[in-house]
Amino acid sequence: MRLQNKLALLIFAFGVISLPVVAGIYFYHNQTSYLETKQQSLLEIALEHGEKLSLLLESRAAIVDILANNTVIHQALINSNSNFTNLSPDQRTKHIKNLDKQWQKAESADDQFVQPYLNNSVAKLLKSHQNSNKGVYGEIFLTNKFGATIATTSKLTTLAHAHKYWWAVGYNQSQGRIFFDDRGFDKSVAGYVLGVVVPVRQNGKVIGIMKANINIIGVLNRIIGDEFIGKSAKIAIVRSGGAVVLEAGKEPLSTKLHNRTVKKMASHSPGYLLDKEEDTITAFYPISITMGDKNFAFGGKYKSDDHILGNKDEIWFIHLTQRLSYVLTNLKKRTTQLLWIGFILFVIMGVIAWLLGRKLAQPVVQLESIVKQVGQGNFTVKAVVDSDDELGSLAQALNKMILNLQTTTTSRDLMINKVEEHKRTEEMLKESENRFRHLYENAPQAYQSLDSEGNIIEVNNAWLNSLGYSKNDVVGRNFIEFLPKKDRDLFKTRFSQLKLIGVCHDVEFTMLRKDSSKAHISFEGSVSQRTSENTIQTHCLLSDITEKRKLETQLRQAQKMESIGTLAGGIAHDFNNILSSIIGFTELALEKTDNKEKSYNYLNQVHVAGLRAKDLVSQLLSFSRQSEYAMKPLEITPLLQEAMKLIRSTVPTNISIETKLNADNRKINADATNLHQVILNLCSNAASSMEESGGCLSVSLSSVEISSDKAQSISIKPGPYILLTVTDNGPGITSEHVARIFDPFFTTKDIGKGTGLGLSVVHGIVQNHEGAIEVVTKNNVGTTFKVYFPELSSSEQQSKGGSNVSKPQKKAKETILLVDDEEALVELGVAQLESMGYTVIATTDPRVALEKFQQSPGLIDAVITDQAMPHITGIDLAKKILAINPDIAVFLCTGFSQTVTPQKAKKVGIREMLMKPLSIRDLSTVLQKNLNGG
C-alpha cells in the first residue's frame, strides 16, 4: 500500500474513533451550562410574574387602606369603641355574645336587627366604594377594636370576629399590619377568595379592623393566562405546601406538586429542580408580598363546606415547568451536526493526505488548493512547511493569513451575535413597557404626573373619565387651570411643599369638570427623578370624594337636628306641666266668672296666651319628630285649595299667585293640621322674600315616580310620591345660608319679624310623614322648595282607619284615682274632675296610690296617672294596677316621653295616652268615651 493511502486511511480511522468521544464530551459539558442558562431564564420569568402579582395585590390593599382611613369610618369607630369601653370586660363580653346570638338568629338581611348594620352611614360608604369598583370586591365590613361588626355591605354569618385568626393578626395587640387572608377556592361562587384585612389606626393605635373579600381568580388568569413561555412549558401559582392555586385548565387547589419540588420550596427561596425521572426542568420563585414584607402579612386557616382548606403558614410561588427532553432537543441537534462536520473534515483531511502523498512533487499545486479552500471560507486548512526555502516561507505566510482571517471571522460572528442579542433585549423592553403602559392607562384609580412647574405630563383614562375631559384637553396645560380661583393659591403652597418634602397624603382640592360642575378630589402624591437642584416629575393618585363629602354633610345635619330635638324634648315635659296649671286653673276660673266682668276678659287673655304657648311647644316637638300626629288617608288637593284661599288674603297685592294642581283623587297618609302648617309656612316664606319687589308665587301639585338613584340621593324609599312645589322669583338664598335654613331659630329677617321655627317645623313634619324636602335656589332668580309625600295605594287607603268620635254622656258618677307628683296638677285635676261630677281620690305619691287601690279595688272605676314620677313610673304603676283588675280604665298623662309611645301604652293595657296640657273639654271627652257611667 502506498504511503499516501496509508496516511489517508490512518487519518480517517483516527477521525472515526475520536469524533464520538469529542462529541460526547461536548454534549455533556454543554448540557450543564445550557440547563443552568435555561433555569436562570425560567427564574427571571417567574420573578417578573411574581412582582406583577405582588404589585397588583398591594394596589388592592392600598385602595382598601385609603377607604379605611376615611374620617366617617374613624368617627364611627371612635363612637362604637367609646360605647363598648364604658362597659366592664364581663359586661362587654356578654353584650357582644348577645348581639351575635341575635345576628345569627336573623334569617336574612331584611331582619330589623340586621338592617341598621347594612344601612348606616358607614355601610353606605362601603357600598358606594364596592359599587365604584364593580367586580373587584365582595363583602366589605368594619369591626371595632373589640371585634364587633358596626357596618357591612351584606349579611355575614356572624357579628363577632375577635376570636378569628385573621382578626387577631390584623389587631395584634393594637400593633397589627395589613393581612392577606388566603381563604381558598369558594365553589359557591367559582372564585378564589382572598380577604384584605386592614387595621384602622389613630395616633398609632389600632381602633378597628376593616375586611374586604376579593375574588382574584380573574386577576390571576390575566397574569398567567396569556403568557407564552415556549413549547411544552407550563406556568402556575402554587403554595409552598404544594397545592396548585391556579393552572390553566384545572380547578384551583385540585392538584398538588411532587414532594421533591415541595421539599425544595420549604426554604421559601427561589430555586430550580432537574427531575429526569419526571422528564422536567422546574423553576420556582416566591411571590414577595406573600412572604410578609413591606408591612404585609399573609396566610389563612379557614375551612368550611363551601371553601377548600386555606393555607397555614405557607407562601405563594410562581412555578414554571418545561419538558427536559424538549429543552435538550436543540443541544442534541447541535451535537449531531458537530459529528457530521467532524466526519466530513476527517474525510477531507484523508483526501488531502492522499493528494499530498501523490503530489509530493507538486507543492505549488498544494498551496493553490489550500488558497482555494480558504477563499471558499474554510479556515481549518493549513499549508505544510517542510523547508526553509521560498516555498516554505510562502507556506508560513499563507498559514499566518489563514489565522488572521479566522480571528477576523470569529470577531465578526461575535459582533453579529451581540447585535442580535441587543435587538432581542430591546424587543423585550418594548413589550414590558407596553404591558405597564396598558396597566397604567386602564387602572381603576385615577393617576396624573406633573413636571416641576405643575404642567400635566400624563393622565390615565380613569382621570379623564372622572372629570369628563379628553387627553388633548389636558396634557400640556397647567394643573392650576382645573381649579377654581379660590383653590389656586392653596395649590401653589401645597405643590411647593410636595416638591420639598417628597410626599403628600390626603390633600383635598375642588376641581372643575369639563361641564363646569365641581368635584371634591383627594390626593396622594410622591416625587421621582430628582436632581440636586430641581424636581423633575411628581406622581399623584386621585380619589373622587364628592359623594363622601355629600354624605358627611347630610350626617352632620342629621346629628344637629337630633341634638336640638333632644333639647326640645327635654324642655317639653316641664313646660307642659307648667302650662297644665296655667290653662287648667284659668278654665276653672272662667267657669266661675261672669263674662261681663273685666276679670273674665283678663282670664280669657291668659287662656289664649296659654294655648299659644301650647302650640309653640307642639312646634318644637314637630321639628324634633317627637310629637304624635293624627295620621289618616288624606286627599291633599282640597286641603291645598283651602290653604291657598287663606294665603291670598294675607299676601300683598304686588304678588301674584299661580296654582297648578294635577293630583286629584290621590291620597297620602298625613295629619291635616301639620300638612296645613307646611303649606302656610312655605308660602309665607316665599311671599316674604318678594315683599318689597313683588313677583309671582307659584304652587303646584303633581304625582311623580321616584327611581332608586333619586331616592338614595334624598334619603327616601323609591316608589310613587305626591310632589308639592312652591316657587318664588325673589332674590334667592345665599350659599352660606342654604346649609342653615332648616336650623331651629335661624332667620335672616329683622328682629321681631320671625322666630326662625318655620322651616325647621316644616322639616320635622316632612320627616315624620316619611317624606323629603329639596331646595333649589339661585341669586336674583328665585327659590324652589320641592316636598315629596309617599302616595297611598288603594289597598293602603282602605287599611288606614280613622278614629271614632264618642257621643257626650250623661253626668258622671264614677270614682277616679288621680296620681301626679306635682301638687299643683293634683289640685287642678281634682277641681276639673269634680266639676264634671266625678268622685276623686288624689295623691302625689304613686306608692300611696297603689296601696289605696289594693285596699279598695272595687270602689275605683278609673285611674289617671302621670308618667314621670319618683319611685314608680306611670307605666309601671299601670302594670301593677292592671295585674289586680285587668278591666279597669287606666289613662297615662305626660308632657313628653322618649320611652313611652301610645303603641307601647296600649300594649300594656292603658286605654289612652294623654298629652299635657289637657283642657277640661279634652279630659271630659276622653272619660266619656271610655267610661260607661260618665
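## Accessibility and overall composition

A residue is called buried under 20% relative accessible area, exposed over 50%, and partly exposed in between. The structure described here is a predicted model. By the accessibility rule, Asn172 is partly exposed, because its relative accessible area is 43%.

The protein chain has 934 residues, and buried residues make up 45% of them. Its secondary structure comprises 28 helices and 28 strands. The chain exposes about 50200 Å², of which carbon and sulfur atoms supply 53%. Among contacts between residues at least 6 apart in sequence, 65% join residues at least 24 apart.

## Salt bridges

Side chains of opposite charge can pair when their charged atoms come close. In this model the count comes to 15 salt bridges. One of them joins the side chains of Arg323 and Asp279, with an N to O distance of 3.3 Å. This pair links distant parts of the chain, 44 residues apart: Arg323 belongs to strand S11 (residues 316–323), while Asp279 is in the loop between strand S8 (271–275) and strand S9 (280–286). Arg323 counts as partly exposed, at 36% relative accessibility.

A further salt bridge, between Glu774 and Lys710, has an N to O distance of 2.9 Å. Glu774 lies in strand S22 (residues 772–778) and Lys710 in helix H20 (residues 708–713), so this bridge ties together parts that are 64 residues apart in sequence. Lys710 is partly exposed, with 29% relative accessibility. The side chains of Asp487 and Lys486 also meet in a salt bridge, at 3.3 Å from N to O. Here Asp487 is buried, at 9% relative accessible area, whereas Lys486 is exposed, at 58%.

Asp820 is located in the loop between strand S24 (815–819) and helix H24 (823–836). It counts as buried because its relative accessibility is 6%, and buried means under 20%. The side chain of Asp820 also reaches the backbone nitrogen of Glu822, at 2.9 Å.

Pro917 is in the loop between strand S28 (912–915) and helix H28 (920–930).

## Backbone geometry in loops and turns

Most residues other than glycine have a negative phi, and most peptide bonds are trans. Asn172, which is not a glycine, has a positive phi of about 45°. This residue is placed in the loop between helix H6 (165–171) and strand S3 (178–186).

Asn780 likewise is not a glycine and has a positive phi, of about 65°. Asn780 is in the loop between S22 and strand S23 (782–790). With a relative accessible area of 70%, Asn780 is exposed.

## A hairpin of strands S12 and S13

Strand S12 (residues 446–451) and strand S13 (residues 456–459) run antiparallel and are joined by three bridges. Within this pairing, Gln448 stands opposite Val459 in S13. The two strands form a hairpin with four residues between them, and Gly454 in the turn has a positive phi of about 90°.

## Surface features

A nonpolar patch on the surface is formed by Ile341, Ile344, Leu345 and Ile348, whose accessible area together is about 310 Å². Ile341 lies in helix H10 (residues 329–358). The relative accessible area of Ile341 is 49%, so this residue is partly exposed.

Glu705 is exposed, at 60% relative accessibility. Glu705 belongs to strand S20 (residues 695–706). Its C-alpha atom is separated by 7.6 Å from that of Pro718, a residue 13 positions apart along the chain. Leaving aside neighbours within four places in sequence, Glu705 is in contact with Gly719 and Pro720.

Conventions:
Residues numbered from 1 in each chain as written. Predicted model: local features only at pLDDT ≥ 70, side-chain atom pairs only at ≥ 80, totals over all residues. Heavy atoms only, no water. Salt bridge = Lys/Arg side-chain N within 4 Å of Asp/Glu carboxyl O. Buried < 20%, exposed > 50% of the residue type's maximum accessible area, 1.4 Å probe, protein only. Polar contact = N/O pair within 3.5 Å; in protein donor to acceptor, adjacent residues only side chain to side chain. Patch = residues over 30% accessible without salt bridge, like charges linked within 9 Å, V, L, I, M, F, W, Y side chains within 5 Å. Areas by Shrake-Rupley, 256 points an atom, 1.4 Å probe, with all protein chains shown as cover. Contact = heavy atoms within 4.5 Å. Pairing = 2+ DSSP bridges.
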